[in-house]
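The sequence and structure are shown first.

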Number of protein chains: 2
Amino acid sequence: MATIHQVAALAEVSVATVSRALQQPERVSDKTRARVLAAVKQTGYKPNLMAVKFRSGKSRNLVVLVPTVANLFFARVITGMQQSAHDKGYSLLLCNTMANEAMEQSYARMVHTSQADGLIQLRAFNPFTGLEMAADQPLPMVNACEVLDRIRCPTVLLDNKAAAYAMTEHLLQLGHRRIAMIKGPPRSPLTRDRVAGYKEALAEAGVDFDESLLSPGNFSLASGQKAAAGLMALPEPPTAIFCENDEMAIGALQQLKQLGLRVPQDVSVAGFDDIAFAAYSDPPLTTIAQPAEEFGSTAVSLLIDLIEGRLGKAPKVILPFDLIERASTGPAPGHLT
Amino acid sequence: MATIHQVAALAEVSVATVSRALQQPERVSDKTRARVLAAVKQTGYKPNLMAVKFRSGKSRNLVVLVPTVANLFFARVITGMQQSAHDKGYSLLLCNTMANEAMEQSYARMVHTSQADGLIQLRAFNPFTGLEMAADQPLPMVNACEVLDRIRCPTVLLDNKAAAYAMTEHLLQLGHRRIAMIKGPPRSPLTRDRVAGYKEALAEAGVDFDESLLSPGNFSLASGQKAAAGLMALPEPPTAIFCENDEMAIGALQQLKQLGLRVPQDVSVAGFDDIAFAAYSDPPLTTIAQPAEEFGSTAVSLLIDLIEGRLGKAPKVILPFDLIERASTGPAPGHLT
DNA sequence: AAGAAAAATGTAATGGATTACATTTTGCAC
DNA sequence: GTGCAAAATGTAATCCATTACATTTTTCTT
């Protein structure tokens with residue numbers, strides 16, 4: 001690999017001149033610039049960006065911690081991140097963490113070792129815990145999608161409570177009174193907020209909350225299927241199932257079909273996220289659309305602003321949701337609309 | 001950020017001793033090592049890996065070019081890559097290329113500028129084209145999944161022809177004679193190989209090839225739906241549709257349902273990839289399972305071997321497939337098994 | 001206890017680009 | 001043509017860790 005010294009030697013100028021000819025062309029005479037460019041071409045010189053980054057102390061790399069890439073919602077978030085990062089001259093170091101804290105911490109260390117300038121975490125866990133830090137410094141981190149209140153850093157999130165409230169209300173208006181919820185992991189803030197919205201809507205409609213209608217899941221197809229089986233085996237089964245993501249809703253759909261139940265005539269099903277498959281399930285899924293790509297691009301923008309010192313107090317960005325009505329929700333059995 | 005000099009000063013030793021105390025502890029006396037470690041702890045010293053990488057000339061970063069992360073097959077491939085790379089001390093720089101050549105070339109440049117040691121391309125395009133290179137040097141690149149014959153580099157692929165042959169044979173054995181194929185992009189080697197396998201199976205069974213049964217798609221749900229509509233509108237519609245991926249198959253399923261056709265009684269549908277949703281469609285999809293994670297981990301292993309000089313001639317790894325029979329394929333109408 | 005070998009530690013070069021500061025060249029006014 | 005300001009270019013320090021080579025200290029042998 002050619003270095004700047006070889007270019008300088010060939011062009012018969014100093015390395016400083018070569019550097020200037022490339023970085024600030026106007027600071028160099030036309031004649032010299034031409035000589036330098038010719039030498040660059042002849043040697044095939046490409047600046048060693050590792051050296052540049054090392055010297056500048058800026059890596060222009062961002063670590064991204066994703067619980068699972070194999071989740072279409074996150075896949076869209078990553079797409080948004082990539083776009084935004086590329087536009088701003090940053091690269092993404094991706095880590096598929098499988099929600100493994102050790103793995104997350106291992107990647108967070110890249111920030112301390114100057115391999116990355118900042119980190120985006122899509123899960124409610126502070127990957128810097130344990131890595132003793134200058135406690136006064138703000139963490140070079142953005143928390144998006146699933147947000148941990150405790151971390152003091154910029155966040156990007158949906159008003160999950162309001163979204164769950166909206167969906168529950170939609171089901172209530174269709175006459176449903178026994179509305180089940182297939183939740184995410186119990187300790188997730190996502191679950192907490194959505195359950196809160198669900199409860200609030202029930203309360204306002206004067207419907208008693210029934211703990212047995214809350215079934216745990218883990219966002220996978222299989223967990224949705226299993227949870228649906230459990231719910232329909234209740235002495236008084238629900239007439240509607242609100243799932244915390246579309247995968248679980250699609251799992252539930254299959255279970256209902258196996259039980260010989262029709263959706264939405266016998267049971268309504270709703271999802272969350274509006275992944276591409278939601279429109280192609282049978283029946284197509286009523287769901288909450290999230291601006292996934294925007295989550296990604298916003299998180300990246302915030303992080304870069306933070307890193308480059310353009311951010312004051314840690315902002316909290318709330319993105320809008322949209323209730324998409326499709327065919328999987330309908331009037332409760334026996335309910336006249 | 002503390003540097004090795006501050007640690008050295010605090011421990012009252014030279015920087016060389018600090019470096020050795022950390023890298024080769026046995027080369028330093030117990031007493032000194034203890035002093036150094038105490039100083040490291042007190043200062044919170046973390047080596048600047050950017051400096052290490054710069055000096056060593058190895059970035060330990062790998063660029064990964066993915067057409068779309070929002071494709072569950074690729075998501076699984078990435079998962080495999082991440083695992084393998086992390087195990088070997090490498091990091092992944094992810095680029096969601098949207099099959100945009102300029103974007104691919106822009107990321108390929110990271111290899112030339114020493115920001116990455118190598119690159120994995122999941123598409124049939126050489127991202128180094130145009131970036132004039134030392135022509136004698138082997139490209140530090142691995143081509144996986146969709147492989148371009150022209151590139152002389154290690155490859156990881158499925159025997160797509162054999163897989164398509166197997167699926168076509170499966171359909172033929174069920175008595176189907178008019179078997180349609182929803183293809184990928186026309187110029188893709190994937191498409192070429194799978195069509196070849198399809199044709200070969202037909203030929204061996206003595207079934208005439210009918211060009212009109214080949215419908216183009218782009219691997220999306222929508223394209224599968226559209227293609228299915230076109231196929232069923234033929235004067236002599238197919239009794240089976242073999243789709244080049246599961247997304248298109250699921251799109252086709254929806255279209256058939258809208259047309260009032262039953263699967264598999266009226267039309268059989270088969271997919272390719274065995275994504276998680278394949279088992280949850282209605283009916284569950286017969287498909288070709290690919291070891292997606294293994295594609296990723298193998299590609300990473302090969303690339304690292306290549307980079308570290310442990311590879312002789314560019315190997316060509318062929319991974320096995322598996323035909324998964326589910327409920328979406330059945331006997332052709334009127335056929336007695 | 002002297003001397004040699006081994007162990008421990010230190011000094012300084014190295015990697016490649018940028019840039020503060022120093023020096024030379026050019027351009028222009030009078 | 002002299003003198004001065006501006007432009008162009010050069011010299012060398014810098015970023016941080018590693019490591020070849022040099023030097024000092026310790027250990028062991030006889």
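DNA strand D is surrounded by 24 residues, the closest being A:A16, A:T32, B:T3, B:I4 and B:A16; a residue is near a molecule or strand if its C-beta atom, placed from the backbone, lies within 6 Å of it. The model is predicted: local features need pLDDT of at least 70 and side-chain atom pairs pLDDT 80 or more, while totals for chains, interfaces and linings use all residues. Residues are numbered from 1 along each chain as its sequence is written, and chains are lettered from A and ligands numbered from 1 in the order in which they are written.

**Surface near DNA strand D**
- Two or more residues each come from α2 (15–23) and α4 (49–56) of chain A and from α2 (15–23) and α4 (49–56) of chain B; helices are DSSP runs of H or I with at least four residues, and strands are runs of E with at least two, numbered from the N terminus.
- The largest share, 6 residues, belongs to α2(B).
- This surface comprises 12 nonpolar, 8 polar and 4 charged residues (Ala, Val, Leu, Ile, Met, Phe, Trp, Tyr, Cys and Pro count as nonpolar, Asp, Glu, Lys and Arg as charged, and the others, Gly among them, as polar).

**Surface near DNA strand C**
- Around DNA strand C there are 27 residues, of which A:I4, A:A16, B:V13, B:A16 and B:T32 come nearest.
- Here α2(A) gives the most, with 6 residues.

**Sheet of chain B**
- An open, parallel sheet is formed by 4 strands in the order β7-β6-β8-β9; two strands pair if DSSP finds at least two bridges between them.
- β7 (214–215) and β9 (268–270) of chain B each have a single partner strand, so one side of each lacks a neighbour in the sheet.
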